Each structure stands twice: as C-alpha cells, then as structure tokens.
Amino acid sequence: MEDMRNKMNGIMKDIMDTAKDSVERGKVNGIEPLNMLVIADSHYIGIADHVCPLIERKCTLALKLLQEVLDTVNNSGTTIDVIALMGDMVDNGNALGAKEDLLAIKETIKKTKVPVIVAPGNHDGPSEVLLEIFEDYEGVHNIKGYQIINFVDKYNEDESASRCWDKMEEHFSQTVQNKPIIVLQHNPIYPYIDRTYPYNIREWEKIAQYYSQKGVLLSISGHAHWGIPVNMKDGTGYLTCPALAESPHRYLIIKFDGYLYNVEEHKLLC
Ligand SMILES: [Fe+2]
C-alpha cells in the first residue's frame, strides 16, 4: 500500500514538474514581454495621382485612421515596443505623388519613436523605396530578445507572391534557437485561401514546413483584408491582420511573453 502511495506521489510530482516546465518554457529567462502593434493594408491616397475604384476601401482617410490608432493605443496606456506594418500602406506606390504619401505615413508613425518594421505589399511600389523611407531593411530585427524577420517577397505578373529561398536561408542562419522567432510577410502562408485571386504566397506549404522546422512561433501577414485569426500548423501560429482601410478599421495588438502570446483585435469607432 505504502509502495503504491509513493508511486502515485511520484507520478503526481512528474505531472506537476511537466506543467511547471511548460510554463517556464513559455516565459524564457531573460526575455521580457513585448507588445507589438500590427497595422495592415491602409491603402492610403493623399496627393498621389490615383483613384481607387473600390468604395469599401477608405483610401483617402488612411492617414487620419492611422493617427487615430496611434492616439487610441497611446490613451489606452499600453506601451508599444514595436510597430509592424504589414504592407499595402498606399493604394498605388507607382503613382505620381505616392512617395510623398508614404513619407506622410512615415512622419505620422515615427512620431511614436517606436521601432517600425515593414513587410512590403503588392500595392506599395518598389520595395527598396518603401524600406528606405521607413529606414528599414529585410531580415532579422532583434528586439527585447525576440527575433523578428520581415520578408520582401517578389510579385509576379499574375499578382501572386514568391519567396526567395536563398534570402530565407540567409535570414534564418542569423537566428539563434533559444529565442522566439516571429516572421512578417504581406501574403498569408496558412491556411489555404480557396479563391480565384492568389492570396497565398506560392509554395505556401513548403514555406510552412520550413517555418515549422525552424521553430517559428508566429507568422503574421496582411493582404487578405477580412483578416484571419490564429491557425496552428505543426507548432507555428499563422495570423492575418485585417485591413485598416476597410470598415470597421481594425488593427491588432499582440502581447508576447516569451513563447506565449495573446492577440487583441481592436477597431476604430467610426
Ligand atoms: Fe491590400
């Protein structure tokens, strides 16, 4: 009887240790909490010589909407550590005046003095211009112990996006194993979006497999304007941020704590 009791106590201790372990694995030593503000698809048109035919896209309001997001977050008392811009910041980056519109967005956002990471979209025009304006680069950004990788994907004639595998290998080679990896790209990876328009990046299954092998914690995208909550696949979470340009003008605040995270969806009341 005594033996049985000791054995049961041993099993209970193992269960408790495992639970404690998984919590501690979530809260990794030396990694502080991180709050990320995610804004996607603002599709701004200010002075750009371009008209958007889609009435649901409130392109001309985008700068005002962005400012409202920043003010709302600021007034909420949440400290933001990094801002992720998920692409399609302007509606036509190739139009005359689009560069000035991007500069206006940059000026608005940079006032927060928070680091900004950009994942260029198919509407932004040349990605090198976008990155230069936001003083950003493609690759690993180490912020508060988190490894955040933004990808500049290539757009094809059919509007689909392609990942450069050499660049992917290069960026991941600069990561370490014991710190969370978060990836940002404009096009969704997972789940598969079964529509005629090519929402998912090409080779999305292969990319998802690669992310899983590399232990990516969370993959964040834009592009699918309706937004998609977190879907898990082989240990990696996949999230699509809704478009700011479309009602009800949503954005996300993701609160990371080591390998744990909580996604808050917010909307502007307008
Ligand atoms: Fe878009």
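Two strands count as paired when DSSP finds at least two bridges between them. Keep that in mind as we walk through this model, which is a predicted one. Strand β12 and strand β13 (residues 260-267) are joined by eight bridges and pair in the antiparallel sense. They make a hairpin with two residues between the strands, and there you can find G258 with a positive phi near 65 degrees.

Strand β12 has another partner to look at. Strand β1 (residues 33-39) pairs with β12 (residues 250-257), again in the antiparallel sense, this time over six bridges. Here V38 stands opposite L252 in β12.

Let's step back for a moment. The chain has six helices and 13 strands, and 40% of its 270 residues count as buried. If you take the contacts between residues at least 6 apart in sequence, 71% of them join residues at least 24 apart.

Now for a sheet of six strands. Its order is β4-β5-β8-β9-β11-β10, it is open, and its pairing is mixed. Which strands stand at the edges? They are β4 (139-143) and β10 (228-233); each has a single partner strand, so one side of each is left without a neighbour in the sheet. On average, neighbouring strands of this sheet are turned by 20 degrees against each other, ignoring direction.

Strand β4 runs antiparallel to strand β5 (residues 146-150), and five bridges join them. One of the bridge pairs is I143 with Y146 in β5. This is a hairpin too, with two residues between the strands, and K144 in the turn has a positive phi of about 50 degrees. Further along the sheet, strand β8 (residues 181-184) and strand β9 (residues 218-221) pair in the parallel sense over three bridges. In that pair, V183 has S219 in β9 as its bridge partner.

What about the inside? In soluble globular proteins, nonpolar side chains tend to be buried together. In this model, the largest nonpolar core has 63 residues, and the ones touching the most other members are V38, I39, A84, M86, L184 and I220. There's V38 again, the residue opposite L252. Leaving out residues up to four places away in sequence, I220 touches V38, A84, M86, I182, L184, L239 and C241.

The loop between β8 and α6 (204-213) is worth a visit, as P188 has its place there. Is P188 buried or exposed? A residue counts as buried if 20 or more other C-beta atoms lie within 10 Å of its own. P188 has 24 C-beta neighbours inside 10 Å, so P188 counts as buried. Beyond its neighbours within four places in sequence, P188 is in contact with I193, Y199, N200, S221, H223, A224, I228 and T240. Look at S221 in that list: along the chain, P188 and S221 are 33 residues apart, yet 5.2 Å separates their C-alpha atoms.

Finally, find two helices. Helix α2 (residues 62-76) and helix α3 (residues 98-110) pack at an angle of about 10 degrees, and their axes are 10 Å apart. That angle makes α2 roughly parallel to α3. Where they meet, α2 brings L63, L66 and Q67, while α3 brings A104, I105, T108 and I109. Sort the residues of this contact and you get five nonpolar, two polar and no charged.

Terms used:
Residues numbered from 1 in each chain as written. Predicted model: local features only at pLDDT ≥ 70, side-chain atom pairs only at ≥ 80, totals over all residues. Core = buried A, V, L, I, M, F, W, Y, C linked by C-beta atoms within 7 Å. Buried ≥ 20, exposed ≤ 12 C-beta atoms within 10 Å, placed from the backbone. Contact = placed C-beta atoms within 7 Å. Helix = DSSP H or I, 4+ residues; strand = E, 2+ residues; numbered from the N terminus. Axes fitted to C-alpha atoms, helices over the stretch in contact; angles between N-to-C directions. Parallel < 35°, antiparallel > 145°, perpendicular 65-115°, else oblique. Nonpolar A, V, L, I, M, F, W, Y, C, P; charged D, E, K, R; others polar.
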